[in-house]
Amino acid sequence: MRRRPVRPSRSSRPSRSPRSFRSAALAMGVGALLGPTLAATPAHADARSTCALQDGIVLRDTIGNTFTKALYCDNLPADLYGRPTFSAPVTGWLVVSPSWFTCYSIGPKDTQGNDVWYYTQGDRVGDLPYIKGWGNVPAEIVQIPAGMSHPVAGLPRCPWY
């Protein structure tokens, strides 16, 4: 897997505490899903992990796609790729957890044998700044609890595949 160092740049992704995320979600009902920031949770903490589908949201990426559902889960720090493949340009980085993932695609297998890739907006912007950190991560980055499998049931497949 190609790795690049995390560059000190800013993303357009909003930073909110988990408490303000929950408050905003409750107050707005079907309002916008906001990207919270927390320290990364280790993979072995499945019993305590955050992972749930959020319906009735509105998220728009920089290429005109609109999403009304997202998976909100703990994640590992990772590179985001412009396409669901390790050879694509790095468009950003996930550096905090949890994050939201709007859809999934099928691509090359990760080190755990998953061919599922999730689409999200990174915490930091990478090689293509006009994309504002939107990209794909392999399934091994998304920390789903025991009993769930990739792709997570109910999350839509990305519209371009």
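F67 is buried, with a relative accessible area of 6%, where buried denotes under 20% relative accessible area, exposed over 50% and partly exposed the range in between, for a 1.4 Å probe and protein chains only. The model is a predicted one, in which local features need pLDDT of at least 70 and side-chain atom pairs count only at pLDDT 80 or more, whereas totals for chains, interfaces and linings use all residues. Residues are numbered from 1 along each chain as its sequence is written, and side-chain values use heavy atoms, with hydrogens and water left out.

A search of the whole structure finds 9 aromatic pairs, a pair being two rings of Phe, Tyr or Trp (for Trp, the six-membered ring) with centres within 6.5 Å, counted as stacked when the planes are under 30 degrees apart, as edge-to-face when over 60 and as tilted for the rest. F67 and W134 form a stacked pair, at 6.3 Å centre to centre and with 25° between the planes. Because F67 lies in strand β2 and W134 in strand β9 (residues 134-138), this pair ties together parts that are 67 residues apart in sequence; strands (E, at least two residues) and helices (H or I, at least four) are DSSP runs numbered from the N terminus. W134 is also buried, with a relative accessible area of 3%. The rings of Y81 and W117 have centres 5.9 Å apart and planes at 75°, so this pair is edge-to-face. Y81 belongs to strand β3 and W117 to strand β7, so the pair ties together parts that are 36 residues apart in sequence, and both Y81 and W117 are buried.

Beyond its neighbours within four places in sequence, C73 is in contact (heavy atoms within 4.5 Å) with residues including T50, P98, F101 and V142.

T85 is found in the loop between β3 and β4 (90-94) and is buried, with a relative accessible area of 18%. Leaving aside neighbours within four places in sequence, T85 is in contact with P108 and W117.
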